[in-house]
Amino acid sequence: LCDELHLSIVQLHGDEGPSFCGEVARRTGAKVCKAAQVSGAGDLRAIERFHVDYHLLDARASGSRASLGLRGGTGETFDWSLLAEGSPSRRHCKVPLILSGGLAPENVAEAISIVHPFAVDTASGTEASPGVKDEARLAAFFEAVDAADAADGGAGLTDGGASLTDGGASLTDGGAGSTDGGAGLTDGGAG
């Protein structure tokens, strides 16, 4: 499927183990992004055993959404302070981090200032209705990302790091193989 769709990145958002992720990279030649649901420090330690190209951290669904088995697109955030500088739970690995989970124009700047991710992902936070992007919310999201990146000293969310796009082969929901219409992220604009 990767060859047919000319994918350069594959996002795995299920219960795949480290060996499976490694095998996907070996067989396809594509970069691998392993997504994980976060509700506490243990989830951050668990993702570190995945030696892939990217880690995507999303909120673990709660309440009625948890019973539906949803993995992403819930509009929920997790405790970003788990990833803050000086936090005992902060990640120790060098795998680039993509922050996801409830990001919207109203909160993405705060998330960036706390976490300092390689890239950010949005889905429901920029939708007019489920699966339908809102152009004004997308523009506001991108403006907030640009402002946060500039305030953070131009760490690279928009200049030289992962570029934000709305389509193409994506790390997250929104590119080829999308299930929930997020605003896809590509590495360095490749797609």
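How many bridges join S2 to S3, and do they run parallel or antiparallel? Six bridges join them, and the two strands run parallel. Let's build out from that pair.

First, the ground rules. This is a predicted model, where local features need pLDDT of at least 70 and side-chain atom pairs count only at pLDDT 80 or more, while totals for chains, interfaces and linings use all residues. Residues are numbered from 1 along each chain as its sequence is written, and side-chain values use heavy atoms, with hydrogens and water left out.

The overview. The protein chain has six helices and nine strands. Those are DSSP runs, numbered from the N terminus: helices are H or I with at least four residues, strands are E with at least two. Buried residues make up 48% of the 191 residues in the chain. Buried means under 20% relative accessible area, exposed means over 50%, and partly exposed is in between, using a 1.4 Å probe and protein chains only. Now contacts, meaning heavy atoms within 4.5 Å. Take the contacts with a separation of 6 or more: residues 24 or more positions apart account for 45% of them.

Next, the sheet. Five strands form an open sheet, in the order S1-S2-S3-S4-S5, with parallel pairing. S1 and strand S5 (119-120) stand at the edges, each with a single partner strand, so one side of each is left without a neighbour in the sheet. Two strands count as paired if DSSP finds at least two bridges between them. In general, strands of a sheet pair through backbone hydrogen bonds, either parallel or antiparallel.

Look at S3. Cys-33 has Tyr-54 in S3 as its bridge partner. Val-38 is partnered with Ala-59 of S3. Toward S4, the pairing is parallel again, over three bridges. There, Leu-56 has Ile-98 in S4 as its bridge partner.

How many of the residues of S3 are buried? Six of its six. Both faces are covered. Tyr-54, Leu-56 and Asp-58 are on one side, and His-55, Leu-57 and Ala-59 are on the other. In a regular strand the side chains alternate between the two faces of the sheet.

S2, H3 and S3 make a right-handed β-α-β unit. Right-handed means that, with the strands pointing away from the viewer, the path from the first strand over the helix to the second runs clockwise.

Stay with H3, residues 41-47. Asp-43 is in that helix. Asp-43 is buried, at 18% relative accessible area. What does the side chain of Asp-43 make a polar contact with? The side chain of Arg-60, at 3.1 Å. A polar contact here is a pair of N or O atoms within 3.5 Å; within protein, one must be able to donate a hydrogen and the other to accept it, and residues adjacent in sequence count only if both atoms are side-chain atoms. Leaving aside neighbours within four places in sequence, Asp-43 is in contact with Gln-37, Val-38 and Arg-60.

On to the nonpolar cores. A core is a set of buried Ala, Val, Leu, Ile, Met, Phe, Trp, Tyr and Cys residues joined through side-chain atoms within 4.5 Å. The largest has 32 residues, and Leu-57, Phe-78, Leu-83, Leu-99, Leu-103 and Val-108 touch the most other members. Elements that give two or more residues to this core include helix H2 (18-28), strand S2 (31-38), H3 and strand S3 (54-59). Apart from it lies another core, of seven residues, among them Ile-9, Ala-35, Tyr-54 and Leu-56. Nonpolar side chains tend to be buried together in soluble globular proteins.

Back to Phe-78. Not counting residues up to four places away in sequence, Phe-78 touches Val-38, Leu-57, Asp-58, Ala-59, Leu-83, Leu-99 and Ser-100.

Last, the charges. A salt bridge is a side-chain nitrogen of Lys or Arg within 4 Å of a carboxyl oxygen of Asp or Glu. The count comes to seven. Glu-23, Arg-26 and Arg-27 are linked in a network of them. Glu-23 to Arg-26 is 2.5 Å between the closest N and O atoms; Glu-23 to Arg-27 is 2.8 Å. Why is about one helical turn between Glu-23 and Arg-26? Because they are three residues apart in helix H2. Glu-23 is partly exposed, at 27%. Arg-26 is exposed at 60%, and Arg-27 is exposed at 65%.
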